[in-house]
Amino acid sequence: MHLTVEEALSIYPLSEAKLIAGARGKHRIVKSINVMDAPDISDWIKEGEMLLTTAYLIKDNLEEASALLHTLNRRGSAGLGIKLGRFWDAVPEALITEAELLGFPLIELPFQFTFSDQMNGLFRAELTRSNNALQTVMEKQRKLMRFALRSSRSQPLLDSISEVMGHSLAVINSRGAVLYNNSQFPESQLLTNWPWINRSQRIRIGEGAGFRVPLLQGEECLGYLLYFDIDPLLLPVEESLFVQGAELISFHIQTGYESSFEPDSQREFSALLKRCLNGGFSSAELAQAAAKLDIELLQSPFQLLLTDVSSLGESRKGELYHLKEEYMEDPLLQEMKGIHVLVDEGLLSIYPVDKYNPAKLQAIISECFQKLKYEPGYYPKAAISSRKAKAEGLKEAFAEVKECLSKPQYWGVNEHVVHYRQLEITLMLQQIPSEFMIKYCNRSLGSLLCREPEYVREMLHTLEVYIENDGHINETAKKLFIHRNTATYGLRS
């Protein structure tokens with residue numbers, strides 16, 4: 001039995017009783033009912049028991065009656081019911097005052113009903129309540145299974161689980177970032193006592209009770225799922241259902257359904273972007289659809305970033321998902337307001353171009369990789385496309401980053417992030433037959449190579465630095481520690 005005193009007093013025939021003192025204790029839980037038939041009954045009372053008595057053992061001794069109240073209160077009893085009309089016609093005022101001070105429920109029971117009447121009424125009500133609770137949980141479980149088996153969904157994963165469970169939810173990732181929250185509680189309150197241990201446990205949120213379940217993939221904890229406004233009395237029945245909800249979320253994270261945590265507009269744009277890159281429709285049509293979703297990334301100059309890792313299969317998906325989280329949480333990348341989509345080729349991101357600092361994205365991504373502390377040789381690799389002014393350049397930009405990632409042999413030894421412009425000439429020249437390349441070099445550099453060896457080495461080094469800096473004479477001069485005019489003269493000669 002798990003009723004509050006207040007609920008018990010609403011059930012016939014106990015509804016005919018009267019709470020005469022200790023109203024502050026009306027939320028105490030009644031776990032069982034006992035009848036006083038021995039002088040030392042108070043020594044055997046368990047927490048949550050409600051004691052019913054005719055007052056026979058205390059009718060002549062008010063001090064013993066007061067001591068009984070204190071003992072019952074100390075042992076966590078739910079309350080004391082006294083049946084009047086046999087030994088007491090009224091409960092003594094002193095006892096009423098004592099119970100009121102303790103906040104201990106003191107109940108005046110009607111004479112016309114036996115103790116068995118009172119107990120049977122409560123047991124029938126508890127049985128009905130338990131059956132209803134079990135039916136509710138089973139119905140929620142059926143809905144959860146139907147939802148898990150559906151191939152298409154009309155609303156995001158977490159919204160659907162919250163609706164099925166009948167509780168508001170929050171999802172916190174392993175780094176303490178709130179990914180989803182449809183409860184009334186702010187982030188600061190959700191993260192009380194962070195970091196948490198990786199096990200399910202009941203928690204206190206505000207004035208109500210909650211339940212927290214870790215999101216696990218094997219032994220790895222991806223984060224935590226929090227349920228709010230739960231009924232502590234139903235927790236033993238609902239706990240397995242709460243765990244199933246967490247397992248469903250963990251499964252969808254593992255299989256790439258991480259877009260459930262994103263706004264609807266971004267989820268829809270991500271699906272449209274994949275279709276566009278697979279030839280489903282044109283870049284211009286994608287730009288029009290994005291504008292309707294209030295996504296302006298393709299309305300101004302943009303660049304693509306494609307990131308991939310060395311792992312395979314499910315491990316690869318998991319690592320790419322963690323990289324996506326890192327990109328979304330990095331303060332500098334947040335300012336750039338990019339969109340990230342998992343595609344077959346890796347993690348594809350779209351960012352606006354910073355016209356004042358075109359190398360900014362490359363530097364930020366390099367810092368992200370360093371913060372993740374990968375082992376040497378296992379760093380992700382990322383490629384950045386050239387600047388595209390219009391949406392029509394989307395597929396060209398995608399081809400650029402794919403080509404960069406497919407040619408790691410042209411990257412520097414310690415490079416993990418490369419810009420297409422760095423490899424553009426190399427990728428272009430590799431398409432030219434080697435015999436034409438040799439003829440061109442001999443014709444263009446033949447007169448230089450005939451001069452003194454030291455002069456040749458100096459001029460070739462100047463030319464290499466010039467090419468490395470995309471033909472920018474000022475950058476070339478800085479790298480060589482010479483005047484701009486000197487660098488210009490050397491290249492012309």
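## A pair within helix 17

Lys478 and Glu475 sit three residues apart in helix 17 (residues 473–480), which means that about one helical turn separates them. In this predicted model, the two residues form a salt bridge in which the closest N and O atoms are 3.9 Å apart, a value that falls inside the 4 Å limit applied to such pairs. Lys478 is exposed, its relative accessible area being 57%, whereas Glu475, at 33% relative accessibility, counts as partly exposed.

## Salt bridges that span the chain

Side chains of opposite charge can pair when their charged atoms come close. Under the criterion used here, the count for the model comes to six salt bridges. One of them joins the side chains of Lys26 and Glu6, with an N to O distance of 3.7 Å. This pair links distant parts of the chain, since Lys26 belongs to the loop between strand 2 (18–21) and strand 3 (29–30) while Glu6 lies in helix 1 (residues 5–8), 20 residues apart. Lys26 is partly exposed at 30% relative accessibility, and Glu6 is likewise partly exposed, with a relative accessible area of 39%.

A further salt bridge is formed by Lys388 and Glu400, whose closest N and O atoms are 2.8 Å apart. Lys388 lies in the loop between strand 16 (381–384) and helix 13 (394–405), and Glu400 lies in helix 13, so the pair ties together parts of the chain that are twelve residues apart in sequence. Are these two residues buried or exposed? Lys388 has a relative accessibility of 8% and therefore counts as buried, and Glu400 is buried as well, with a relative accessible area of 5%; the cut-off for this class is under 20%. The contact is also part of a network of salt bridges, in which Lys388, Glu396 and Glu400 are linked.

Strand 5 (residues 49–53) is mostly covered, with five of its five residues buried. In a regular strand the side chains alternate between the two faces of the sheet. For strand 5, both faces are covered: Glu49, Leu51 and Thr53 are buried on one side, and Met50 and Leu52 are buried on the other.

Which strands pair with strand 5? Strand 4 (residues 32–35) runs parallel to strand 5 and is joined to it by four bridges, and within this pairing Ile33 has Met50 of strand 5 as its bridge partner. Strand 6 (residues 79–83) also pairs with strand 5 in the parallel sense, over four bridges, and here the bridge partner of Leu52 is Gly81 in strand 6. Strand 5, helix 2 (residues 62–74) and strand 6 together make a β-α-β unit that is right-handed.

## Packing of helices 15 and 16

Helix 15 (residues 434–449) packs against helix 16 (residues 453–468) at an angle of about 140°, and the axes of the two helices are 10 Å apart. That angle makes helix 15 oblique to helix 16, because the roughly antiparallel class takes in angles over 145 degrees.

Which residues meet between the two helices? From helix 15 come Leu445, Leu448 and Leu449, and these meet Tyr455, Val456, Met459, Leu460 and Leu463 of helix 16.

Technical notes: Residues numbered from 1 in each chain as written. Predicted model: local features only at pLDDT ≥ 70, side-chain atom pairs only at ≥ 80, totals over all residues. Heavy atoms only, no water. Buried < 20%, exposed > 50% of the residue type's maximum accessible area, 1.4 Å probe, protein only. Pairing = 2+ DSSP bridges. Right-handed = clockwise from strand over helix to strand, strands pointing away. Axes fitted to C-alpha atoms, helices over the stretch in contact; angles between N-to-C directions. Parallel < 35°, antiparallel > 145°, perpendicular 65-115°, else oblique. Contact = heavy atoms within 4.5 Å.
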